[in-house]
Amino acid sequence: MPLIIFVSGALFGSFLCLASERYCPRRSFFASWRSLCHPPSHCLTCHHRLRWYDLFPLVSFALLKGRCRYCRQLLPLNLLLAESGYGSACLLLYWVQPDPITLIAVLWFSSLLFLLATIDMRLLLLPDELVFALLWSGLLLGEYFPLNDIRARIEGVCLGFLTLFLLNALYRLWRKTEGIGQGDMKLLAGIGAWCGWQLLPSVVVIAAVLALSVLCCQRKILVTLQENIPLPFGCYLSVAGWICFILNNLISYPLAL
């Protein structure tokens with residue numbers, strides 16, 4: 001059973017990577033869904049159509065030694081990491097929460113955050129349809145996670161948006177420019193709909209630490225701050241929100257400050 005869960009998670013992770021890669025803000029919602037089927041999966045370098053046996057996550061990567069079957073170009077490593085990471089996450093969630101309904105709700109939450117994080121990394125954009133799907137599903141499905149009642153989740157929506165809205169207002173007074181996008185504000189509101197207001201300080205702190213750590217590793221922290229280079233903060237919010245939700249609702253390790 002664990003092997004089936006891991007393989008299924010890796011397959012779904014591959015699908016989410018495709019959805020993220022083919023998302024285009026200029027397309028309508030339904031056109032974006034149609035783009036998942038057409039054009040068929042192909043090599044990004046030689047554009048050769050991939051066969052069905054080239055689409056198995058991890059296995060095809062290992063058999064092809066990380067290269068395209070046709071042009072021998074190196075395959076993107078981030079696809080391998082995403083597939084293995086999502087499969088491992090599904091396996092972890094199955095171990096800590098075997099109840100099928102609750103597990104489906106958590107996988108829905110995880111999938112939306114995965115899409116938002118990867119799209120924000122690529123386009124510096126958080127699509128409204130995904131953010132609002134996260135928000136409303138959090139209010140509706142939160143009943144399966146008893147640590148936060150409906151009042152706490154509604155307050156989480158309001159506090160999540162207002163926190164970043166006020167921080168952006170202060171930054172605008174200081175630097176005379178926008179510092180936080182409205183997509184980040186709506187995303188934190190959506191995370192608040194799942195986590196409740198109590199976890200939002202932890203989410204923001206963890207997201208800020210992750211962002212600063214990445215900038216320090218890239219040695220770009222001073223350049224980013226001085227030149228006001230856009231930062232995909234929604235990606236770090238998504239990761240922090242997932243960590244806090246899982247630890248508090250499934251592993252019972254409280255993080256609320």
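Visitor: Why is Leu 124 called partly exposed?

Guide: Leu 124 has a relative accessible area of 44%. Buried means under 20%, exposed means over 50%, and partly exposed is in between (1.4 Å probe, protein chains only). The value of 44% therefore makes Leu 124 partly exposed. Leu 124 sits in the loop between α5 and α6, and its phi is near 55°, a positive value in a residue other than glycine.

Visitor: What kind of model is this, and how are residues numbered?

Guide: The model is predicted: local features need pLDDT of at least 70, side-chain atom pairs count only at pLDDT 80 or more, and totals for chains, interfaces and linings use all residues. Residues are numbered from 1 along each chain as its sequence is written, and side-chain values use heavy atoms, with hydrogens and water left out.

Visitor: How many helices and strands does the protein chain have?

Guide: There are 11 helices and zero strands. Both are DSSP runs numbered from the N terminus: helices are H or I with at least four residues, strands E with at least two. Of the 257 residues in the protein chain, 42% count as buried.

Visitor: What makes α5 and α6 roughly antiparallel?

Guide: The axes of α5 (residues 100-123) and α6 cross at roughly 160° and come within 10 Å. Axes are lines fitted to C-alpha atoms, for helices over the stretch in contact, and angles run from 0 to 180 degrees between N-to-C directions. Angles under 35 degrees count as roughly parallel, over 145 as roughly antiparallel, 65 to 115 as roughly perpendicular, and the rest as oblique. α5 and α6 are therefore roughly antiparallel to each other. Their crossing is left-handed, a word used if the near helix is turned anticlockwise from the far one by less than a right angle, with right-handed for clockwise.

Visitor: How does the contact of α5 with α6 divide by residue type?

Guide: It has 13 nonpolar residues, one polar and no charged. Ala, Val, Leu, Ile, Met, Phe, Trp, Tyr, Cys and Pro count as nonpolar, Asp, Glu, Lys and Arg as charged, and the others, Gly among them, as polar.

Visitor: Why are α6 and α8 called roughly parallel?

Guide: The axes of α6 (residues 128-141) and α8 (residues 182-195) cross at roughly 20° and come within 7 Å. That angle is the reason α6 and α8 are therefore called roughly parallel. The crossing of α6 past α8 is left-handed. The residues of this contact divide into 11 nonpolar, three polar and two charged.

Visitor: What makes α7 roughly antiparallel to α8?

Guide: α7 (residues 150-175) packs against α8 at an angle of about 155°, with the axes 7 Å apart. That makes α7 roughly antiparallel to α8. The crossing of α7 and α8 is right-handed. The contact of α7 with α8 comprises nine nonpolar, four polar and three charged residues.

Visitor: Which residues does Pro 2 touch, not counting residues up to four places away in sequence?

Guide: Pro 2 touches Leu 91 and Trp 95, where contact means heavy atoms within 4.5 Å. Pro 2 and Trp 95 are 93 residues apart in sequence and 8.7 Å apart in space, C-alpha to C-alpha. Pro 2 belongs to helix α1 (residues 2-22).

Visitor: Is Pro 2 buried, partly exposed or exposed?

Guide: At 37% relative accessibility, Pro 2 counts as partly exposed.
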